[in-house]
Amino acid sequence: MRDSRETLTKKAFVTGFPVKHSRSPMIHGYWLKQFGIDGTYSAHPVEPENFLAFLQSLRSGESGYVGGNVTIPHKEAAYRLSDAPDALAEELGAANTLWVEGGRVHATNTDGRGFIANLDQRHPGWDAPAAGTARRAVILGAGGAARAVIQALRDRGFDEVHVVNRTLARAQEMRDRFGERVHAHPMDALREVMDEASLFVNTTSLGMDGEPAPDIDFSPLASGGIVTDIVYVPLVTPILRQAMRQGRPVVDGLGMLLHQAVPGFEIWFGRRPEVDETLRNLIIADM
Ligand code: ATR
């Protein structure tokens, strides 16, 4: 006989392979405790060949999970194999948040919302257009992590989202996927496309693989133009450091990780959590 209390406990997961380095259990554990919710959130590694069976166990209720997060390498499969992906996951072709409802696995992607919410919190007014000018953003990189950012900036109403990438074909894929407000450029066009942009986003690991960081002159950006990074280890990336030296306002990427967790927590546990400084410091202390 199962204890009736046990059946009330809501269980959520983060799955990936490997998944032991995920900081999500710490984030959700903090909120569960803060709200005093009878719930758990734990790492559940699943090998790629077992992901389909894992989803089936979610769908059938056998796993006992109400939902969870999905990370590398399962984000594409989570989208493809889910029963009800929303429009965001559909367009990205990737999901990071799942929940079970009526025997169906629902899927969304919260990375873009996390990116926007981080800027809203740490630099209010970041997206206010200067009078009479187009809202222009520059994204360095066109990998998996860049996609959600490009989608989110387009959806936030940016007039021009310029994707600059070493491999031009990948930047062009972003344009093909996200439409006419997205533009693709090779690396040597970087300076030119930064002209009067109000936001520069790094999504690459440039300067962190033992190679020196390339010199980027941020002076073409609009006055007050912000530099942000979605990489958060280290907290101050080589590109953010350069921007700070040039007197630019910067926003680090840790908040994107924290904020992308908010919608999932609300779906599974029914309360909307805050991203506060205590949580941020908890994660920093663990880095
Ligand atoms: P992720 O999913 O984390 O974004 P990814 O798909 O491997 O990882 O993408 C990494 C991004 O960083 C790509 O845009 C990559 O450029 P390419 O598409 O040309 O590979 C970029 N990147 C990584 N190292 C780089 C380097 N040394 N110089 C320029 N761009 C680099």
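This is a predicted model: local features need pLDDT of at least 70, side-chain atom pairs count only at pLDDT 80 or more; totals for chains, interfaces and linings use all residues.

Colleague: How far apart are the end C-alpha atoms of residues 134-205?

Modeller: The span is 38% helix and 28% strand. From its one end to the other, the C-alpha atoms are separated by 29 Å.

Colleague: How many nonpolar residues are in the contact of α2 with α13?

Modeller: Helix α2 (residues 24-35) and helix α13 (residues 277-285) have axes that come within 11 Å and cross at roughly 145 degrees. On the α2 side the contact involves Met26, Ile27 and Tyr30, and on the α13 side Leu279, Leu282 and Ile283. Sorted by class, this contact has no polar and no charged residues, and its nonpolar residues number six.

Colleague: Is the crossing of α6 and α7 left-handed or right-handed?

Modeller: The axes of helix α6 (residues 111-122) and helix α7 (residues 144-155) come within 8 Å and cross at roughly 65 degrees. As α6 passes α7, the crossing is right-handed.

Colleague: How many charged residues are in the contact of α6 with α7?

Modeller: Helix α6 contributes Asp111, Gly112, Arg113, Phe115 and Ile116, while α7 contributes Ala148, Val149, Gln151 and Ala152. Among these residues, five are nonpolar and two are polar, and the charged ones number two.

Terms used. Residues are numbered from 1 along each chain as its sequence is written. Helices (H or I, at least four residues) and strands (E, at least two) are DSSP runs, numbered from the N terminus. Axes are lines fitted to C-alpha atoms, for helices over the stretch in contact, and angles run from 0 to 180 degrees between N-to-C directions. Two residues are in contact if their C-beta atoms, placed from the backbone, lie within 7 Å. Ala, Val, Leu, Ile, Met, Phe, Trp, Tyr, Cys and Pro count as nonpolar, Asp, Glu, Lys and Arg as charged, and the others, Gly among them, as polar. A crossing is left-handed if the near helix is turned anticlockwise from the far one by less than a right angle, and right-handed if clockwise.
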